[in-house]
Amino acid sequence: MIELRNFQYMFYGFSAAWLIIVLYVFYLVRRERRIQSELSRLKSMMEDRDKKAI
Amino acid sequence: MQTLRSVFTVAHKDLRSELRSKEAINASFSFALVILLIFSFAFDPTAEDTRRIAGGLLWVVFAFAGALILNRSFAREVPNDCLDALIATPIPAYALFLGKAIASFLLLLAVELVCLPIFGIFYNVRWAVQFLPLLLTLALGTWAMTMIGTAFSALTVNIRLRELMLPVLLYPVLMPALIGAIELTTNLLNGEMLSGNNITFLKLLIGFDIIYTALSVALIETVLVG
Amino acid sequence: MREKAIYFMGTLGVLILMRNLYVILLQLGDEMQQGAIYRIFFFHLPAATTACIMFAIALVASAGFLITRKFAFDTAAAAATEVGFVFATMNMVTGSIWARNIWGIWWTWDARLTSMFILWLLYLGYLIMRPAIEEPTQRATLSAVLSIFAFCDVPIVYYSIQWWRTQHPAPVLTTPGAMDPALWPPLLLNMLAMLLIGLTLMMVRLRQERVLREIDSLRRYAHAI
């Protein structure tokens, strides 16, 4: 009985450890996407302006 | 000598403007009373309970009341760009810092000394048994709080949500000093002498004060001037 | 090239962790007193060491910024703190799950747990404060100062709580028996793997911060014209 619970909690522990890393990676990826879109938006905005100036 | 005089001048200025408006000190004092009231409901302590939690209760009250006073320390200078003017004055940044810290220290200590007898009345605690060691503990704990608090007040003065940021940053850093002060206060209120374990906690408080006074004085120029 | 090096490092870390999973689960027997649950230790301790190394990097980078005023240091400090915070969280969560099984409680105010929690709160404050400051130079300076304040607090917190706890009997007994030599290699390897993963995440975070600065300057430029 105690063995079973031990295994169960070991499993929880391992999953929690991996889950935290995965969640953080997700967070990083989402940020990356947001940052890149912002960057390209700004760049295209600048290009538009340059064209208008010419 | 010159520096000492500028420290005194800044402290004097702060105290005078506070004593004229009494904004922070009134708010802080009434806040302390409210917390004392809430605690009596939250714990409904018997005499025995009170003896055990006295130190913790008092320092929670002081820490909350302190955050109100410390918030004002630099925030008071924001309207009319007073802070820029103060930084531009020909005194070193650490003198400005120490002056402000001393002013807050005196204000907070005054609030604590008024709260102490009220606490004694509300909770039936005889607080004057070991008065001088207790006063020393209050002074050391309050000094730790004002040092870090004033430094963080300068740190957060220009950021959004400064009233919320200060406690979030202040309390975790303050933990060791609070632990020492709480244990010491509980023991002294229970009539213990200043010896044995209490000396250890006193040393902890003094050490904490020295380290953080040095650190704050060393870094304040960076914080204020950039 | 640089990109590839970063991802190679990360992949290596994950591979080592995977392989160790096999060693830990199938090759090592159960511990006598604790049974299977002791294996959480192989994640718990490496997470703690990685977090500490990250916070140390953050301290050095913060001091570096205050001395040289180069923004690269500020970026490094921010990235290291965030990654360190993630690993500190992992350390606390896995520890808590272990404690639930062995001690029967999720949490106790024991010296180590309390100091880890305070450390966690300190850096949480750092991470909350950073985005609240708009001006980049000010943000870098103030965060560097805060980081130094926070790091200096850690040893004091640890000792003070130990003194404090000697006052009361500990509610539960930690029983660190001598470790079986067979456990060392996977443990050390896991530490290495975790550190590699941490460094990879930090590098990715660093790159993001750099792009963010570029965006900032583009915005300023756009405003100027």
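Which residues does B:Ala144 touch, leaving aside those up to four places away in sequence? In this predicted model, the answer is B:Leu174, B:Ala177, B:Leu205, B:Phe208, B:Asp209 and B:Tyr212.

B:Ala144 is among the residues with the most contacts inside the largest nonpolar core, which has 141 residues. Chain B also supplies B:Ile148, B:Leu174 and B:Leu178 to that group, and chain C supplies C:Ala77, C:Ala80 and C:Leu146. As general background, nonpolar side chains tend to be buried together in soluble globular proteins.

Let me turn to chain C as a whole. Chain C has six helices and zero strands, so that, read from the N terminus, its elements run α-α-α-α-α-α. Of its 225 residues, 41% count as buried. If we take the contacts in chain C with a separation of 6 or more, 80% of them are between residues 24 or more positions apart.

Next, the interfaces. Where chain C meets chain B, 27 residues of chain C are in contact with 25 residues of chain B. On the chain C side, the elements that give two or more residues are helix 4 (111–129) and helix 5 (136–166). Helix 5 of chain C gives the most, with 17 residues. The class make-up of this side of chain C is 20 nonpolar, six polar and one charged.

Chain C also meets chain A: 24 residues of chain A are in contact with 28 residues of chain C. On the chain A side of this contact, there are 17 nonpolar, two polar and five charged residues.

Finally, I return to chain B and one pair of its helices. In general, two packed helices are described by the angle between their axes and the distance between the axes. How do helix 3 (residues 47–75) and helix 7 (residues 162–189) of chain B cross, and at what angle? Their axes come within 8 Å and cross at roughly 145 degrees. Helix 3 of chain B passes helix 7 of chain B in a right-handed crossing. The residues of this contact divide into 15 nonpolar, five polar and three charged.

Conventions
Residues are numbered from 1 along each chain as its sequence is written. Chains are lettered from A and ligands numbered from 1 in the order in which they are written. This is a predicted model: local features need pLDDT of at least 70, side-chain atom pairs count only at pLDDT 80 or more; totals for chains, interfaces and linings use all residues. Two residues are in contact if their C-beta atoms, placed from the backbone, lie within 7 Å. Ala, Val, Leu, Ile, Met, Phe, Trp, Tyr, Cys and Pro count as nonpolar, Asp, Glu, Lys and Arg as charged, and the others, Gly among them, as polar. Axes are lines fitted to C-alpha atoms, for helices over the stretch in contact, and angles run from 0 to 180 degrees between N-to-C directions. Helices (H or I, at least four residues) and strands (E, at least two) are DSSP runs, numbered from the N terminus. A crossing is left-handed if the near helix is turned anticlockwise from the far one by less than a right angle, and right-handed if clockwise. A nonpolar core is a set of buried Ala, Val, Leu, Ile, Met, Phe, Trp, Tyr and Cys residues joined through C-beta atoms within 7 Å. A residue is buried if 20 or more other C-beta atoms lie within 10 Å of its own, exposed if 12 or fewer, and partly exposed in between; C-beta atoms are placed from the backbone.
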